[in-house]
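Here is a briefing on one protein model, with its sequence and structure shown below. Topics are grouped for quick reading.

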Amino acid sequence: MKIRFWGVRGSIPAPGPDTIRYGGNTACVSIHPRAGGLVIVDMGTGLMHLGNALMAGAFGKGSGRAALFLSHTHWDHIQGLGFFAPVFVGGNQFTVWGPGGSPEVLEEILEGQMDPNFSPLQSLKNFSASFDVRAVVCGEPFEAEGLRITACEHAHGSTTALGFRFEEDGRAFVYASDVGQPVEGGGPTPEALAFYRDADVLLHDTTYRPEDQATRRNRGFSSYEDAAAAAVAAKVRRLVMFHYDQDYSDDDVDALCASCRAELDRLGGEKIELVPAREGDELEI
Ligand SMILES: [Zn+2]
């Protein structure tokens, strides 16, 4: 499968001259299975750019189909939806998988951001494409777009978010963003480590330097140290850094990357390849 990054920033879009190299859009990743099909993970503002690119193909003609996975419904993971051009083309079909425990609850949350007080779109019902909303059940593998998928819930401060493991032909890509233990030294849970185990690629948020995490613990994000510890303990092949704090410049992210490399080496993870996610970059596994 191929993995492409459309938005790699955390919490709020941060465009500008200081973030131009890594990009300022919020979370959105596309997965292109070898067998065809399209999977999209999270609907941050990066989704707008993915949508514009998709319009050149089947989605521009109303014959596109994709599965959308939502880790959670904080703004930086849903705000791209109303700006995703393929939803305004009749005939396109989307299956949305996410949290909430039931399709009705998830649909109501998504409907909430279209409320006339927040958006001129007023309602999801004004979209021309069809939406099939489904609630994810953690621990129960299912199939979408030819991939085998498992979900696992993790702490995200005082709330939770979903991680996803996507598998094809024995290769595994794990998406685990917005991972934050509410207490210091919480570390990856045994359940999380089992979920990440032997992944070809673990995408994990590296939102903070440890000193910034210490003063913003309640926001529920990982430092690069947390991500490195999880990658080494779970014996993954590649660690993708993701969801950089909105206040970090490109130079700050370069420094974050160097520190994360040093931390991996210190923990015995010298063989783990480290990839800082950057808008427009692509990985193949
Ligand atoms: Zn986020």
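**Around the metal site**

The side chains of His-77 and Ser-71 are joined by a polar contact of 3.5 Å. The model is a predicted one. His-77 is also a protein donor of a zinc ion.

**Zinc ion**

- Four residues supply the protein donors: Asp-76 (OD), His-77 (NE2), Asp-178 (OD) and His-243 (NE2).
- These donors lie 2.1 to 2.2 Å from the zinc ion.
- Along the chain, the donors follow the spacing D-H-x100-D-x64-H.
- Why is the arrangement irregular? The 4 donor atoms subtend angles of 92 to 163 degrees around the zinc ion, and a tetrahedral site would need all angles between 85 and 135 degrees.
- Asp-76 is buried, because its relative accessible area is 6% and the cut-off for buried is under 20%.

- His-77 sits in the loop between strand 4 (65-69) and strand 5 (93-98).
- Its relative accessible area is 0%, so His-77 is buried.

**Helix 5 and helix 6**

- Helix 5 spans residues 224-233, and helix 6 spans residues 250-266.
- The two helices pack at an angle of about 40 degrees, and their axes are 9 Å apart.
- The crossing of helix 5 and helix 6 is right-handed.
- Helix 5 brings Tyr-224, Glu-225, Ala-228, Ala-231 and Val-232 to the meeting.
- Helix 6 answers with Leu-256, Ser-259, Cys-260, Glu-263 and Leu-264.
- Which residues of helix 5 are buried? They are Tyr-224, Ala-227, Ala-228, Ala-230, Ala-231 and Val-232.
- An α-helix has 3.6 residues a turn, so residues three or four places apart point the same way.
- The cover over the buried residues of helix 5 includes helix 3 (190-196), strand 11 (201-205) and helix 4 (210-215).
- Strand 12 and helix 6 are also among the covering elements.
- Lys-235 follows helix 5 and has a positive phi, near 55 degrees.

**Tyr-248**

- Tyr-248 lies in the loop between strand 12 (238-242) and helix 6.
- Is Tyr-248 buried or exposed? Its relative accessibility is 3%, so Tyr-248 counts as buried.
- A polar atom of the Tyr-248 side chain lies 3.0 Å from the backbone nitrogen of Arg-209.
- Tyr-248 and Thr-19 are 229 residues apart along the chain, yet their C-alpha atoms are separated by 7.9 Å.
- Leaving out residues up to four places away in sequence, Tyr-248 touches Arg-9, Thr-19 and a group made up of Thr-207, Tyr-208, Arg-209 and Asp-212, along with Val-253 and Leu-256.

**Positive phi in loops**

- Ser-11 is not a glycine, but its phi is positive at about 75 degrees.
- The loop holding Ser-11 runs between strand 1 (2-7) and strand 2 (28-32).
- Ser-11 is partly exposed, with a relative accessible area of 29%.
- Asp-169, another residue other than glycine, has a positive phi near 50 degrees.
- Asp-169 is found in the loop between strand 9 (159-168) and strand 10 (171-176).
- With a relative accessible area of 65%, Asp-169 is exposed.

- Arg-134 belongs to strand 6 (residues 130-135) and is partly exposed, at a relative accessible area of 34%.
- Contacts of Arg-134, not counting residues up to four places away in sequence, include Thr-95, Val-96, Trp-97 and Gly-98.
- Pro-103 and Leu-106 also touch Arg-134.
- Ala-151 is in strand 8 (residues 147-156) and counts as buried at 3% relative accessibility.
- Ala-151 and Glu-140 are 11 residues apart in sequence, with 7.4 Å between their C-alpha atoms.
- Among the residues that Ala-151 touches are Val-136, Cys-138, Phe-164 and Phe-195.

Note on methods: Residues numbered from 1 in each chain as written. Predicted model: local features only at pLDDT ≥ 70, side-chain atom pairs only at ≥ 80, totals over all residues. Heavy atoms only, no water. Donors = N, O, S within 2.8 Å, 3.2 Å for Na, K, Ca; no water. Tetrahedral: all angles 85-135°; square planar, octahedral: opposite > 155°, others 65-115°. Buried < 20%, exposed > 50% of the residue type's maximum accessible area, 1.4 Å probe, protein only. Helix = DSSP H or I, 4+ residues; strand = E, 2+ residues; numbered from the N terminus. Polar contact = N/O pair within 3.5 Å; in protein donor to acceptor, adjacent residues only side chain to side chain. Axes fitted to C-alpha atoms, helices over the stretch in contact; angles between N-to-C directions. Left-handed = near helix turned anticlockwise from the far one by under 90°. Contact = heavy atoms within 4.5 Å.
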